[in-house]
Amino acid sequence: MTVQQTPLTPGRRPDPVRDPWRDAMRLALKEAGQAVRGGDVPVGAVVLAEDGTTVLGTGHNEREATGDPTAHAEVLALRRAAARAGRWRLSGCTLVVTLEPCTMCAGALVLSRVDRVVYGARDDKAGAAGSLWDVLRDRRLNHRPEVIGGVLAEECATLLTEFFRGR
Ligand SMILES: [Zn+2]
């Protein structure tokens, strides 16, 4: 009997010097900061085009600001990126987000066909990219983006901790 190896993409430990996603994560962090103004939890996201540097769309949590339960950073960034690209299919693109996506956002990411999802802080209570669920790498789905977690994780987590402490 042969043991089937599961070809999961491991949550790569980012190289502090050469990690290519740090600049994009800094942009996402900047976006996250804007959420606070509307009373929203600071989570920010950016969608990068195929070249890995061109920003197609950005978003931050606007649930409180707009009264929309689906106004998560990832969903808003995906919508803007698709509008800019002129297509719903975002193959080749990378979404970078400060917090591990929830089930709704993970579902939207699978449907958008992005190649890669890069996140900062883990969300042990609601994360759907490896913590509580692993929707993004569920082998029953026909599209599975690469998942890279832990990029600038401390900065991303600190932003959230400080927000909740201030409440
Ligand atoms: Zn979400």
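**Sheet, helices and zinc site**

Guide: Five strands make up an open sheet of mixed pairing, in the order β2-β1-β3-β4-β5. Strands (E, at least two residues) and helices (H or I, at least four) are DSSP runs numbered from the N terminus, and two strands pair if DSSP finds at least two bridges between them. This is a predicted model, in which local features need pLDDT of at least 70 and side-chain atom pairs pLDDT 80 or more, while totals for chains, interfaces and linings use all residues. Residues are numbered from 1 along each chain as its sequence is written, and side-chain values use heavy atoms, with hydrogens and water left out.

Visitor: Which residue is the bridge partner of G44 in β2?
Guide: Strand β1 (residues 44–48) is joined to β2 by five bridges, and the two run antiparallel. Within β2, G44 has as its bridge partner H60.

Visitor: At about what angle to β1 does helix α1 run?
Guide: Axes are lines fitted to C-alpha atoms, for helices over the stretch in contact, and angles run from 0 to 180 degrees between N-to-C directions. Helix α1 (residues 22–35) lies across β1, β2, β3 (94–99) and β4 (116–121). Its direction relative to β1 is about 140 degrees.

Visitor: Which residues of α5 does α1 meet?
Guide: The axes of α1 and helix α5 (residues 153–165) come within 11 Å and cross at roughly 5 degrees. The two helices are therefore roughly parallel, a term for angles under 35 degrees. With contact defined as heavy atoms within 4.5 Å, M25, L29, A32 and G33 of α1 meet E155, C156 and L159.

Visitor: What is the handedness of the crossing of α3 and α4?
Guide: The axes of α3 (residues 73–85) and α4 (residues 103–112) come within 9 Å and cross at roughly 25 degrees. The contact is made by E74, V75 and L78 of α3 with M104, C105, A108, L109 and S112 of α4. A crossing is left-handed if the near helix is turned anticlockwise from the far one by less than a right angle, and right-handed if clockwise. Here, α3 passes α4 in a crossing that is left-handed.

Visitor: Which residues coordinate the zinc ion?
Guide: Donors are N, O and S atoms within 2.8 Å of the metal (3.2 Å for Na, K and Ca); water is not among the atoms, so sites may look incomplete. The donors follow the spacing H-x29-C-x2-C along the chain. At 2.1 to 2.3 Å, the zinc ion is coordinated by H72 (ND1), C102 (SG) and C105 (SG).

Visitor: How many residues apart in sequence are the parts that H72 and C102 tie together?
Guide: H72 lies in the loop between α2 (63–66) and α3, whereas C102 lies in the loop between β3 and α4. The pair therefore ties together parts whose separation in sequence is 30 residues.

How values were computed. Parallel < 35°, antiparallel > 145°, perpendicular 65-115°, else oblique.
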